[in-house]
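Please go through this chain with me by question and answer. I would like each answer to end on the name or value asked for.

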Amino acid sequence: MSAQWLEKPATALNSALAFIAFLVFDLLDVILCILFRYIDHLFEGRPGSCYCGGRREIEQVRNVVGDDVDDHQQLSETLYRRKNIFRELGLVRVAKSCHETSSGGRVARRWSDCGCHSCVSWLNAADDDHKLHLVVKQPSSLAITENLGVQDAGENVIFLHGFLSSSSFWAETVFPNISDPLHQHYKLFAVDVLGFGSSPKPRDCLYTLKDHLEMIEKSVICPFQLTSFHLVAHSMGCLIAIALAAKHSHLVKSITLVAPPYFPSKDGDSLRVLHKLAERKLWPLFMFGTSFMSWYEHLGRCVCFLVCRNHRIWERIVKLITWRKDLHFMTMDLSRHTHHSAWHTMHNVICGGAKLMESYLEVISKAGVEVFVIHGDRDQVVPVECSNNIRMAVPEAQVNIIKNADHSSVLLGREKDFTLYLQHVWAASL
């Protein structure tokens, strides 16, 4: 009885503290908007671009995506309709000249982004030659190679990672556990999606689903001449995989979705998705971090400046503290992106992509593509209801709920079981 009596005051106190904290963040973000405008002009000769101007930013965005209606449908409303009390009061009008979403004519790398060789090596190629970084496991060898060869006869599998991750998520977990007989017949492609890992991170890109699909086609499907393939994806990668499967439903044999952030049409409004996945709360800590980085464009850029631009320093510090020569791949992947790539992917894929998923799943269902879903029952990042939503959209989908597993441990810690499950899925789709 006493615990219940204390619950309401504790909730009210938490809500009050959250309101005050995020009110302060609203003000700081507006101040940083003005500050970054002048710093960008100092270092790059032009004011920086942001979405603080509200909907009029969409008029400017045509410089990047053109007038194609489908392109504009893939832009998320969360980019320009996020609530900010001080911005709505007009305090940011003093910096209205910075409201340009086009990056055309600017330097390829922001001053606030990392300039180490591993982060900018993709700039050495001509614009037309930019392709995604791949880790490919060939059927004829147990070794992992990169971007080699043209597709041989056999089955193909494309792996797509989640947000703030890379191809290592699959290359370090599933690839080593593929059985010898199976890998003689399968060619595995783990992809660093656009803007993450070692893949290109262009500034003149809005990282819509269309952008991600075109790069996968350019980097994997076309050069390796894939006539059929399976798809395996985790978290954010599931949305890209669903869009890819809908576009190439005649080529896709099966699609395995791990913790897919799918919300049906009634909840598929981009702003609702932002509230569901990044609710403005101080606790739990993960939710606070997600909301902080998703709601505040300029505060998020500050974090990326401190962490991503100086990732080599942080990696040395962590190695000294932990006494480890090599860091876990997930720790390394957290900083292998730019603020521009992560910000737009979060909003245009995870939030904005929600309004497109229902039609994509309908195409997949009608095409008879086999859909398999895996989700941990303790996932605090993507609610389990998302997988149940997929079962409602695709009645034939097989949903497997893993007990005592969260967003990462649904795979990490049970790599052999997970890989065995994939092998059964692929074998059943022959």
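Q: Among contacts between residues at least 6 apart in sequence, what percentage join residues at least 24 apart?
A: Contact means heavy atoms within 4.5 Å. Among such contacts in the chain, taken between residues at least 6 apart in sequence, the share that joins residues at least 24 apart is 79%.

Q: What kind of model is this, and how are its residues numbered?
A: Residues are numbered from 1 along each chain as its sequence is written. Side-chain values use heavy atoms, with hydrogens and water left out, local features need pLDDT of at least 70, side-chain atom pairs count only at pLDDT 80 or more, totals for chains, interfaces and linings use all residues, and the model is predicted.

Q: How many helices and strands does the chain have?
A: Helices (H or I, at least four residues) and strands (E, at least two) are DSSP runs, numbered from the N terminus. The secondary structure comes to 19 helices and eight strands.

Q: What percentage of the residues count as buried?
A: Buried means under 20% relative accessible area, exposed over 50% and partly exposed in between, with a 1.4 Å probe and protein chains only. Of the 430 residues of the chain, the buried share is 54%.

Q: How are the rings of Phe 36 and Trp 111 arranged: stacked, edge-to-face or tilted?
A: Rings of Phe, Tyr and Trp (its six-membered ring) pair if their centres lie within 6.5 Å; planes under 30 degrees apart count as stacked, over 60 as edge-to-face and the rest as tilted. By this rule there are 19 aromatic pairs. For Phe 36 and Trp 111 the centres are 6.3 Å apart and the planes 45° apart, which makes this pair tilted.

Q: How many residues apart in the chain are Phe 36 and Trp 111?
A: Both Phe 36 and Trp 111 are buried. Phe 36 is in helix α1 (residues 2-44), while Trp 111 is in the loop between α5 (85-88) and α6 (117-120). The pair links distant parts of the chain, 75 residues apart.

Q: Why does the pair of Phe 159 and Phe 175 tie together separate parts of the sequence, and how many residues apart are they?
A: The ring centres of Phe 159 and Phe 175 are 5.4 Å apart with planes at 70°, so the pair is edge-to-face. Phe 159 lies in strand β3 (residues 155-160) and Phe 175 in the loop between α7 (168-171) and α8 (180-183), so the parts tied together are separated in sequence by 16 residues.

Q: Which ring has the charged end of Arg 301 over it?
A: A charge sits over a ring if NZ of Lys or CZ of Arg is within 6 Å of the ring centre and within 35 degrees of the ring normal. Arg 301 is in helix α13 and is buried, with a relative accessible area of 4%. Leaving aside neighbours within four places in sequence, its contacts are Asp 40, Arg 110, Trp 111, Ser 112, His 339 and Phe 36. The charged end is 4.3 Å from the centre of the ring of Phe 36.

Q: Which helix gives the most residues to the lining of the largest pocket?
A: On a 1 Å grid over the protein atoms alone, a pocket is an open set of points with protein on both sides within 12 Å along at least five of seven lines, a cavity is a set where a 1.4 Å probe fits but cannot get out, and lining residues have an atom within 4 Å of a point. Of the 42 lining residues, the closest to the pocket centre are Phe 163, Leu 164, Phe 286, Thr 290 and Leu 334. With six residues, the element that gives the most is α16.

Q: What is the volume of the largest cavity?
A: Grid points are joined across faces, edges and corners, and a volume is the space filled by probe spheres set on the points. The structure holds three cavities of 30 Å³ or more. The largest is lined by 19 residues, with Asp 113, Cys 114, Cys 119, Lys 201 and Thr 338 nearest its centre. Its volume is about 140 Å³.
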